[in-house]
Amino acid sequence: MTDNDGSPPTGRRRHIARLALFVAFLFGMFYLVAVARVIDVEGVRGVIAATGPAAPFAYLVVSAVLGAIFVPGPMLAAGSGLLFGPLVGTFVTLGSAVGTATVTSFLGRRAGRESARGLLGAQRAERIDAQIARRGLWAVVGQRFVPGISDALASYVFGAFGVPLWQMAVGAFIGSAPRAFVYTALGASIGDLSAPLAYTAIAVWCATAIIGAFAAHRGYRSWRGTRPEPEAVPEDCPEPGK
């Protein structure tokens, strides 16, 4: 006995259990780190600052790991601006965003790729692979422009659906650049939010949000337009029983 996609029921249940466990782990981490704040980001910042000339590189690596366990990106970027200023801080934040995207995508691929394909079935999985080959990079870029979506969580999902690591890295670099500047500049301007740099950062954030909303709407319409149509029944086909 098999399910509609041809996989045995026991195998399907195993895939569902594995994905449910993975999702529960991610949301547990999100709650502990982003909501309960079990990690002292200020303390981490102080330790990094004490490393001297290596501080930018150390902060890049540490914040990439912290981002992967759902420490909010704006908080890490603001810390980068506060420690290193708007110029160096922006590059540190951008490198951290690429590192987080690569790590989370890799983990998502290893933990959820097999089960996601098993639940989708071979036919749907092949269609998604074709979509990723054509639009995977720009899907990552577009997601980074949409406000309110956790980049780490989205990267885990991208990885589970099989987006290649190079698309994740390049897409995160392109898509994260505006917000990397925004939050880093705001962190660097924390002492004077009326400075021109702060106003520039806010203007860039607003423009990015508008572009992201437009791109999300257009991407959704494009996805709906590429869904396979149901097979048409010939008009002269006799009804069952006649």
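Me: What share of the contacts in the protein with a separation of 6 or more comes from residues 24 or more positions apart?
Reply: Such residues account for 75% of those contacts, where contact means heavy atoms within 4.5 Å. The model is predicted: local features need pLDDT of at least 70, side-chain atom pairs count only at pLDDT 80 or more, and totals for chains, interfaces and linings use all residues. Residues are numbered from 1 along each chain as its sequence is written, and side-chain values use heavy atoms, with hydrogens and water left out.

Me: Why is helix 2 called roughly antiparallel to helix 3?
Reply: Helix 2 (residues 41-49) and helix 3 (residues 55-68) pack at an angle of about 155 degrees, and their axes lie 9 Å apart. Angles over 145 degrees count as roughly antiparallel, so helix 2 is roughly antiparallel to helix 3. Angles run from 0 to 180 degrees between N-to-C directions, and the axes are lines fitted to C-alpha atoms over the stretch in contact.

Me: Which residues make the contact between helix 2 and helix 3?
Reply: Helix 2 contributes Val 44, Arg 45 and Ile 48, and helix 3 contributes Ala 55, Ala 58, Tyr 59, Val 62 and Leu 66. By class, this contact has seven nonpolar, no polar and one charged residues; Ala, Val, Leu, Ile, Met, Phe, Trp, Tyr, Cys and Pro count as nonpolar, Asp, Glu, Lys and Arg as charged, and the others, Gly among them, as polar.

Me: What part of the protein counts as buried?
Reply: Of its 242 residues, 36% count as buried, meaning under 20% relative accessible area with a 1.4 Å probe, protein chains only.

Key:
Helices (H or I, at least four residues) and strands (E, at least two) are DSSP runs, numbered from the N terminus. Angles under 35 degrees count as roughly parallel, over 145 as roughly antiparallel, 65 to 115 as roughly perpendicular and the rest as oblique. Buried means under 20% relative accessible area, exposed over 50%, partly exposed in between (1.4 Å probe, protein chains only).
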